[in-house]
Amino acid sequence: MLLHEFDPNPTAVINPWGIIKPVQDCPRVAVSCFELRTFDRMVEQLGGVEIMRLKKANWDAPVYRTEYKGVEIALFEAYVGAAGCMGVLEEMFAAGVEKLVLFGTCGVLDRSIGDCGIIIPTAALRDEGAGFHYAPPSDEIEVNPKYREEFIEILDHHQCTYTLGKVWTTDAFYRETAEKMERRKAAGCVCVDMECSAVAALARFRGKDVFHFFHASDNLDGGEWEAWSLSQDANITGKDRAALLALELAVKLAERTD
């Protein structure tokens, strides 16, 4: 299989450091989310200075240097989908980011989690293609090996309930069949997303620290799909709470020297 041809050579024909040069005054710690409206509210609340732009063929997005509780943080919007997301993160690492808190929506495979419930993935089932170019072939990959306890402390402080479990990462959201979902649930998955396993592979390959968590946005645990807060203007309170939690963790990451 082509996806089993993992090459551990960190240098390719095209490299992110050949496209993006280190950005002056780029913070070492960054926060990124997948929802545009949530990102816009974070920028409106925190302010900041634009330090670079992430440009793709059909996408052009700013990166801000902002401050939260006296800590400088890079703030940028994540690209949806594993391959595009990894390309953006590669460029942010080339710009100077060393630690990242990444958050966004997911579909739940357990309706008891509830709308906007916080989920901490511990492992991801690798049902996407991009991540196999960054880690040897396997069915699963560990997620969030560092900073899990720090994040749980933040959740407890803010009296937020949370769920720990595996995530099913898949490219094909229109092919999440009932039979596949039952198999993923039997494997321990509590939710489904499009990027997590690939991001975990990238972080390990490049030696960067990424903490990735979700807030539940739609429900696949039942006979019919339920949209819940998948619309960007739904349950703003829950989404802004997730943004606050991400910023709080970014402060802790900045305090760590490892």
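Q: Is Trp228 buried, partly exposed or exposed, and what relative accessibility places it there?

A: Accessibility is read in bands, and the model here is a predicted one. Buried means under 20% relative accessible area and exposed means over 50%, with partly exposed in between. Trp228 has 29% relative accessibility, and therefore counts as partly exposed. Trp228 belongs to the loop that runs between strand 10 and helix 7.

Q: How should I read the angle at which the axes of helix 3 and helix 6 cross?

A: Angles under 35 degrees count as roughly parallel. The axes of helix 3 (residues 82-95) and helix 6 (residues 196-206) come within 10 Å and cross at roughly 30 degrees, so helix 3 is roughly parallel to helix 6. The crossing in which helix 3 passes helix 6 is right-handed.

Q: Which residues of helix 3 and helix 6 meet?

A: From helix 3 come Ala82, Cys85, Met86, Leu89, Glu90 and Phe93, and they meet Ala198, Val199, Leu202 and Arg206 of helix 6. Sorted by class, the residues of this contact are 8 nonpolar, no polar and 2 charged.

Q: Where does Lys208 lie, and is Lys208 buried or exposed?

A: Lys208 is in the loop between helix 6 and strand 10 (209-219), and with 16% relative accessibility it counts as buried. The side chain of Lys208 makes a polar contact, at 3.2 Å, with the side chain of Glu98. When neighbours within four places in sequence are left aside, Lys208 is in contact with Phe93, Val97, Glu98 and Ala203.

Q: At what angle do helix 2 and helix 7 pack, and which residues make the contact?

A: Helix 2 (residues 36-46) packs against helix 7 (residues 236-255) at an angle of about 60 degrees, the axes being 10 Å apart, and helix 2 is therefore oblique to helix 7. Helix 2 contributes Thr38, Arg41, Met42 and Leu46 to the contact, while helix 7 contributes Ile236, Lys239, Asp240, Ala243 and Leu247. The classes in the contact of helix 2 with helix 7 are 5 nonpolar, 1 polar and 3 charged residues. This crossing of helix 2 and helix 7 is right-handed.

Q: How do the axes of helix 4 and helix 7 cross?

A: The axes of helix 4 (residues 148-157) and helix 7 come within 10 Å and cross at roughly 135 degrees, which means that helix 4 is oblique to helix 7. The crossing of helix 4 and helix 7 is right-handed. Glu150, Phe151, Glu153, Ile154 and Leu155 of helix 4 meet Leu245, Glu248, Leu249 and Lys252 of helix 7, and the residues of this contact divide into 5 nonpolar, no polar and 4 charged.

Q: What does the side chain of Asn9 reach?

A: The side chain of Asn9 reaches the backbone nitrogen of Thr11 at 3.0 Å. Asn9 is in the segment before helix 1 (16-19), and at 43% relative accessibility Asn9 counts as partly exposed.

Methods:
Residues numbered from 1 in each chain as written. Predicted model: local features only at pLDDT ≥ 70, side-chain atom pairs only at ≥ 80, totals over all residues. Heavy atoms only, no water. Axes fitted to C-alpha atoms, helices over the stretch in contact; angles between N-to-C directions. Helix = DSSP H or I, 4+ residues; strand = E, 2+ residues; numbered from the N terminus. Parallel < 35°, antiparallel > 145°, perpendicular 65-115°, else oblique. Left-handed = near helix turned anticlockwise from the far one by under 90°. Contact = heavy atoms within 4.5 Å. Nonpolar A, V, L, I, M, F, W, Y, C, P; charged D, E, K, R; others polar. Buried < 20%, exposed > 50% of the residue type's maximum accessible area, 1.4 Å probe, protein only. Polar contact = N/O pair within 3.5 Å; in protein donor to acceptor, adjacent residues only side chain to side chain.
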